[in-house]
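This briefing covers helix packing, a pocket and some backbone features. Please look over the sequence and the model before reading on.

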Amino acid sequence: MRKIQNLSLFGTIFSFIVIGLGAWTRLVDAGLGCPDWPGCYGFVVFPTSELDIALAEERFPQFPYDINKAIPEVVHRYFAASLGLVAIILSFLSLKQHGDTRIKFWCFGLLFFICCQGLFGYLTVSLKLLPIIVTGHLFGGFITAALFFFIFLKAGDFDFINSFHIQKLKYLALGCLIILLVQIFLGAWTSTNYASLACPDFPTCQGSFSPEMDFKNGFRLDQEVGPNYLYGSLDNASRVAINYSHRLTALLLTLCFIILISRLWFTAAAPLASTLGVVLLTQISLGIMNVVYFLPLYIAIAHNLVAALLLLTTLTINYLAWKK
């Protein structure tokens with residue numbers, strides 16, 4: 001179990017790197033930096049010589065080659081593939097464990113999920129950034145990190161958890177986790193539809209607390225991408241509806257977390273309450289800075305990474321609360 005625990009922890013940390021690289025790829029509009037998959041313009045890595053670049057543009061004349069977009073895409077792909085290798089090794093190690101079949105189930109489930117992530121990566125390119133596919137791919141990155149971390153928790157011999165009398169908070173913790181997952185999905189949908197700056201002011205949106213919004217078109221799953229969906233095609237009212245929904249859910253989530261933190265504070269799990277409070281405050285601050293400073297690259301990447309950290313913290317609380 002020790003090897004599984006260590007490798008799953010490594011996988012969790014490595015997942016953060018992949019999430020960060022995915023955010024970087026998305027934020028620099030490099031989702032189609034390589035218009036084919038798994039190669040890049042027909043090459044194993046991005047072309048660099050003048051001859052190779054000319055050949056690349058000949059192969060894909062509708063996608064002018066831009067090395068500044070090809071690099072993030074290729075780096076993200078290879079790091080994501082390496083994460084799959086970690087999952088394969090983890091599954092192999094789980095076969096040697098004769099005691100707990102649940103570990104095998106979660107390890108092979110993780111491997112299957114990462115294979116699905118690879119399929120979504122292919123579909124992201126082949127379907128030209130179809131919003132629901134891209135959103136699912138981004139959301140899947142967070143679930144991958146959560147699965148690695150859950151295996152780490154399951155494989156660990158955490159005797160101290162018996163002192164955490166927080167079982168009575170399990171439904172509250174579960175509710176917070178569900179709302180957080182919805183919020184992460186909305187964040188991915190916001191990014192996918194290029195709606196991150198649809199509300200360029202805070203706390204108002206477009207100078208109002210009730211701006212013009214089109215929820216019907218903003219949350220259509222059958223959007224047409226045209227030649228591709230780079231930079232999006234929704235009108236302003238639709239993007240505002242997406243952004244505003246993300247903000248409202250953030251407010252609801254904050255209120256729920258405050259209740260959970262206040263309840264945890266009076267249990268032996270008070271250190272978890274402090275951790276959750278710090279991570280939550282950091283995430284709120286990063287979200288506000290994204291608006292005030294018009295989505296700086298590194299702040300936006302940090303916003304994704306802290307969202308993943310918030311997910312793992314909430315998952316830990318749920319694990320302790322539901323553990324029998």
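A pocket here is an open set of grid points where a 1.4 Å probe fits, with protein on both sides within 12 Å along at least five of seven lines. The model is predicted. By that definition, the second largest pocket holds about 250 Å³ of space. Both α5 and α10 contribute at least two residues each to its lining, and the packing of these helices is described first.

**Packing of α5 and α10**

- Two packed helices are described by the angle between their axes and the distance between the axes.
- For α5 (residues 131-155) and α10 (residues 297-322), the angle is about 35° and the axes lie 10 Å apart.
- The crossing of α5 over α10 is right-handed.
- On the α5 side, the contact is made by F142, A145, A146, F149, F150, L153 and K154.
- On the α10 side, the partners are N304, A307, A308, L311, L312, L315, T316 and Y319.
- Sorted by class, this contact has twelve nonpolar, two polar and one charged residues.

**Second largest pocket**

- Rolling a probe the size of a water molecule over the atoms shows where empty space is left.
- The space in the second largest pocket amounts to about 250 Å³.
- Ten residues line the pocket, and those closest to its centre are F150, K154, Y319, W322 and K323.
- Helix α10 gives the largest share of the lining, with four residues.
- The lining has five charged, four nonpolar and one polar residues.
- Which residues of the contact between α5 and α10 include F150, K154 and Y319 as members on each side? F150 and K154 are among those in α5, and Y319 is one of those in α10.

**Helix α1 and the residue after it**

- Helix α1 covers residues 2-27, a run of 26 residues.
- From first to last C-alpha, α1 reaches 38 Å, close to the 38 Å expected at 1.5 Å a residue.
- D29 follows α1 and has a positive phi, near 55°.

- W37 and P38 are joined by a cis peptide bond with omega of about 5°.
- P38 sits in the loop between α1 and α2 (50-59).
- Another cis peptide bond, with omega of about 10°, joins F202 and P203.
- P203 is in the loop between α6 (170-192) and α7 (215-218).
- Q206 is also placed in the loop between α6 and α7.
- The phi of Q206 is positive, about 60°, although Q206 is not a glycine.

Definitions and conventions:
Residues numbered from 1 in each chain as written. Predicted model: local features only at pLDDT ≥ 70, side-chain atom pairs only at ≥ 80, totals over all residues. Heavy atoms only, no water. Axes fitted to C-alpha atoms, helices over the stretch in contact; angles between N-to-C directions. Left-handed = near helix turned anticlockwise from the far one by under 90°. Contact = heavy atoms within 4.5 Å. Nonpolar A, V, L, I, M, F, W, Y, C, P; charged D, E, K, R; others polar. 1 Å grid on protein atoms, 1.4 Å probe; cavity = no way out; pocket = protein on both sides within 12 Å on 5 of 7 lines; lining within 4 Å. Points joined across faces, edges and corners; volume = space filled by probe spheres on them. Expected span 1.5 Å × (residues − 1).
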